[in-house]
Amino acid sequence: NNGPICEGSTLQLSASTLPGAAYNWTGPNGFTSNLQNPIINDATISNTGQYSLTVTKNNCTSNAVTTFVTINPRPQLPVIVCNNPLCEGDTLKLNAGNVPGGTYNWTGPNSFASTLQNINIANATSSQDEGVYNLVVTVNGCNSETTSENVLIYPIPQSPVISSNNPVCEGNTLTINTSIVNGATYNWTGPNGFTSTDQNLNFPNVSTVNEGIYEVTAIVNGCTNAPATIDIVVNTSTNGSIV
């Protein structure tokens, strides 16, 4: 036989030629065949075992000869755990579940290949590292089915541009506006624990408590840009003079 073979492969049983003879094979799970060289397609673990052959010629039957077939199981399908999706500049982490005795074969975008169980790609970019990663595990020469992970890497959004009527006089309305970042949510922080998720800010009857540094970030697909800042100055009036 052509064993040992892997589960799902073709089992081939072969006998030497005896002119004029009839062949009689028996084996596991009630297997029988009258072919000289029978095959079993897509063999399973249940096909493992001893196969016997007798030949009959001129009404005389030979003693049985045997061959033992070993069919190794296909490794379990590995499980991929990934921090997908992620932002450009993050570390892409692809971790495979442990398969005892297994060797790992990763392939991916831009001819990526690795035999490590767990993958870390620092400073990932959408142009280089985004795409489908495939993993096959091999045990005893037998390959698992392929498991895949489609990795998405989102770009860092552009930083918003801040405009304002800064500086303002106490009692007037302070406006702080940001440019539009498509698909973004905004996160403002400022003096005295100020926070807001509005794109643009308005402070009627502004006072010196509103004075200080305001910072805004734009968030798209969970990715945050570098903050933009503005230092707000509120002028006060005393006896008709601005102080």
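Student: Is Cys-82 buried or exposed?
Tutor: In this predicted model, Cys-82 has a relative accessible area of 18%. Residues under 20% count as buried, so Cys-82 is buried.

Student: Which cysteine sulfur is closest to the one in Cys-82, and how far away is it?
Tutor: The closest cysteine sulfur belongs to Cys-87. The distance is 13 Å, which is too far for a bond.

Student: How many disulfides does the structure hold, then?
Tutor: The structure holds two disulfides. Cys-6 is bonded to Cys-142, and Cys-87 is bonded to Cys-223.

Student: How far apart are the sulfur atoms of Cys-6 and Cys-142?
Tutor: Their sulfur atoms are 2.1 Å apart. Cys-6 belongs to strand 1 (residues 5-6) and Cys-142 to strand 17 (residues 142-143). The two cysteines are 136 residues apart, and the pair links distant parts of the chain.

Student: Why is the disulfide of Cys-6 and Cys-142 called left-handed?
Tutor: It is left-handed because the torsion about the S-S bond of Cys-6 and Cys-142 is about -95°.

Student: Are Cys-6 and Cys-142 buried or exposed?
Tutor: Cys-6 counts as buried at 18% relative accessibility. Cys-142 also counts as buried, at 0%.

Student: What about Cys-87 and Cys-223: where do they lie?
Tutor: The disulfide between Cys-87 and Cys-223 has an S to S distance of 2.0 Å. Cys-87 lies in strand 11 (residues 86-87) and Cys-223 in strand 27 (residues 223-224), so the pair ties together parts that are 136 residues apart in sequence. The torsion about the S-S bond of Cys-87 and Cys-223 is about -100°, so this disulfide is left-handed. Cys-87 is buried at 12% relative accessibility, and Cys-223 is buried at 0%.

Student: What pattern do the disulfides follow?
Tutor: With bonded cysteines counted along the chain, the pattern is 1-3, 2-4.

Student: New topic: how many salt bridges are there?
Tutor: The count comes to one salt bridge. The side chains of Glu-145 and Arg-74 meet in it, at 3.6 Å from N to O.

Student: Where do Glu-145 and Arg-74 lie?
Tutor: Glu-145 lies in the loop between strand 17 and strand 18 (147-151), while Arg-74 lies in the loop between strand 9 (71-72) and strand 10 (80-82). The pair therefore ties together parts that are 71 residues apart in sequence.

Student: Why can such side chains pair at all?
Tutor: Side chains of opposite charge can pair when their charged atoms come close.

Student: And how accessible are Glu-145 and Arg-74?
Tutor: Glu-145 counts as partly exposed at 47% relative accessibility. Arg-74 counts as partly exposed at 38%.

Key. Residues are numbered from 1 along each chain as its sequence is written. This is a predicted model: local features need pLDDT of at least 70, side-chain atom pairs count only at pLDDT 80 or more; totals for chains, interfaces and linings use all residues. Side-chain values use heavy atoms; hydrogens and water are left out. A disulfide is a pair of cysteine sulfur atoms within 2.5 Å. Helices (H or I, at least four residues) and strands (E, at least two) are DSSP runs, numbered from the N terminus. Buried means under 20% relative accessible area, exposed over 50%, partly exposed in between (1.4 Å probe, protein chains only). A salt bridge is a side-chain nitrogen of Lys or Arg within 4 Å of a carboxyl oxygen of Asp or Glu.
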